[in-house]
Amino acid sequence: MKLKLFVTGGAGFIGSNFIRIALETQDYNIVNYDKLTYAGNLENLKDLENNESYIFYKGDITDFDSLNEVYQKEKFDVIINFAAETHVDRSINNSYPFIHTNVLGTQALLELAREAKITRFIQISTDEVYGSLPETGKFTEESPLKPNSPYSASKASADLLVRAYYKTYKIPAIITRCSNNYGPYQFPEKLIPLVILNAIRNKDIPVYGDGKNIRDWIYVEDHCKAILKILENGVDGEIYNIGANCEKQNIDIVRLILKILGRDNSLIKFVKDRPAHDRRYAIDSRKINEQLGWYPETLFEDGIKRTINWYRENQNWVNNILTREYFEYYKKQYETRLGEILNE
Ligand code: NAD
Ligand code: TYD
């Protein structure tokens with residue numbers, strides 16, 4: 001019998017990549033449960049519509065009755081929680097949906113896990129819960145939680161709930177904390193797809209502050225494979241950092257994408273900084289390397305070219321996003337940012 005996975009947030013960026021990769025193994029049946037917020041897009045999974053190992057339910061993770069109804073029908077074995085509000089800038093504008101979905105939604109899923117016969121609960125968290133690093137050092141699983149944005153605070157809160165339910169109710173839970181992902185199907189409000197799409201259309205690219213903030217990048221497929229490894233061999237109650245040792249300054253990424261696309265650096269506009277903008281993230285992933293034998297496979301230079309090509313080749317997906325009503329919010333933010341250009 002195949003293991004049945006209940007994947008929440010599977011219509012988003014990482015969740016949809018995960019579902020595709022998990023189905024390719026032929027080892028799993030998948031129930032995708034997603035509210036389809038502005039970031040959820042069933043087009044991401046169009047190729048799987050007729051796959052017999054896959055089923056979709058529209059629903060909200062904060063709604064316990066709806067979760068329970070799906071459980072009674074599907075009797076899944078494992079919960080993997082990707083569902084979340086995920087964009088830091090949006091959380092700075094309005095933190096309510098972040099606390100609601102990321103904290104109360106995780107609580108409802110944990111309550112479901114108390115009642116259901118779940119063999120594994122994987123909480124997809126983020127390295128952002130650790131806060132910001134100085135020029136040296138890396139986040140380990142023991143680093144203190146020091147979130148600086150409403151987004152990261154909501155994710156850290158969820159992590160604490162997962163820990164508490166593991167301790168109190170013996171929910172077989174694991175927390176993963178991955179660094180910044182890039183790859184196909186990412187909503188173009190995040191740095192890399194934003195830069196690619198703006199560069200293709202010859203539009204200005206807003207770079208926050210001095211552009212020297214550092215993120216530690218991982219190709220989304222490598223993250224998904226790490227989750228599969230944890231699903232198969234992870235240990236209950238443990239936290240696993242996931243990263244690909246790939247620190248880059250934002251400005252270098254922007255320049256590289258412009259170069260690959262043959263665009264001029266004059267598109268770059270330095271704009272007012274994000275409040276409490278974390279300076280540097282860097283993940284120490286030796287635990288998952290050594291204990292579970294997972295290693296990233298994709299070099300940044302290859303992953304970024306694959307990503308750029310994907311956005312170039314999937315104009316229908318891109319046009320659909322750019323003309324959808326929900327993209328209006330981003331456009332307003334973008335124009336505000338470009339109204340705050342700094343003197344360089
Ligand atoms: P995303 O914004 O692309 O997708 C989020 C998905 O969750 C969407 O499909 C959305 O419709 C769904 N969703 C939102 N609220 C919901 C609710 N109340 N009920 C059900 N579904 C809901 O996000 P992503 O980048 O794919 O991130 C997925 C997870 O990975 C998140 O938990 C995020 O914190 C974590 N993460 C992301 C990154 C990254 O770089 N993108 C890095 C580390 C961890
Ligand atoms: P983002 O993709 O929002 O991810 P996160 O803030 O969760 O790491 O941003 C990545 C980095 O790029 C971050 O340092 C903020 C910066 N950034 C810009 O400079 N300009 C932009 O338009 C965006 C969206 C991000």
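**Exercise 1: a residue and its helix**

Ser16 has a relative accessible area of 0% and is therefore buried (buried means under 20% relative accessible area, exposed over 50%, partly exposed in between, with a 1.4 Å probe and protein chains only). The model is predicted: local features need pLDDT of at least 70 and side-chain atom pairs count only at pLDDT 80 or more, while totals for chains, interfaces and linings use all residues. Residues are numbered from 1 along each chain as its sequence is written, chains are lettered from A and ligands numbered from 1 in the order in which they are written, and side-chain values use heavy atoms, with hydrogens and water left out.

Task. State where Ser16 is placed and what Ser16 touches.

Solution. Step 1: Ser16 belongs to helix α1 (helices are DSSP runs of H or I with at least four residues, strands are runs of E with at least two, and both are numbered from the N terminus). Step 2: leaving aside residues up to four places away in sequence, Ser16 touches Gly10, Asn44, Leu45 and Tyr185 (contact means heavy atoms within 4.5 Å).

**Exercise 2: the helix α1**

Solution. Step 4: the buried residues, among them Phe13, Phe18 and Leu23, pack against β1 (3-8), β2 (28-34), β3 (54-58), β4 (78-81), β7 and α7 (220-233). Step 5: after α1 comes Gln26, with a positive phi near 70°.

**Exercise 3: an aromatic pair**

Task. Classify the pair of Tyr185 and Trp317, and explain which parts the pair ties together.

Solution. Step 1: rings of Phe, Tyr and Trp (its six-membered ring) pair if their centres lie within 6.5 Å; planes under 30 degrees apart count as stacked, over 60 as edge-to-face and the rest as tilted. Step 2: the structure holds 17 aromatic pairs. Step 3: Tyr185 lies in the loop between β7 (180-182) and α6 (191-200), and Trp317 lies in helix α11 (residues 315-323), so the pair ties together parts 132 residues apart in sequence. Step 4: both Tyr185 and Trp317 are buried. Step 5: in α6, 8 of the 10 residues are buried, so α6 is largely enclosed by the rest of the structure.

**Exercise 4: a loop residue**

Task. Decide whether Lys170 is buried or exposed, and locate Lys170 in the chain.

Solution. Step 1: Lys170 has 63% relative accessibility and thus counts as exposed. Step 2: Lys170 lies in the loop between α5 and β6. Step 3: Lys170 and Gly237 are 67 residues apart along the chain, and their C-alpha atoms are separated by 8.8 Å.
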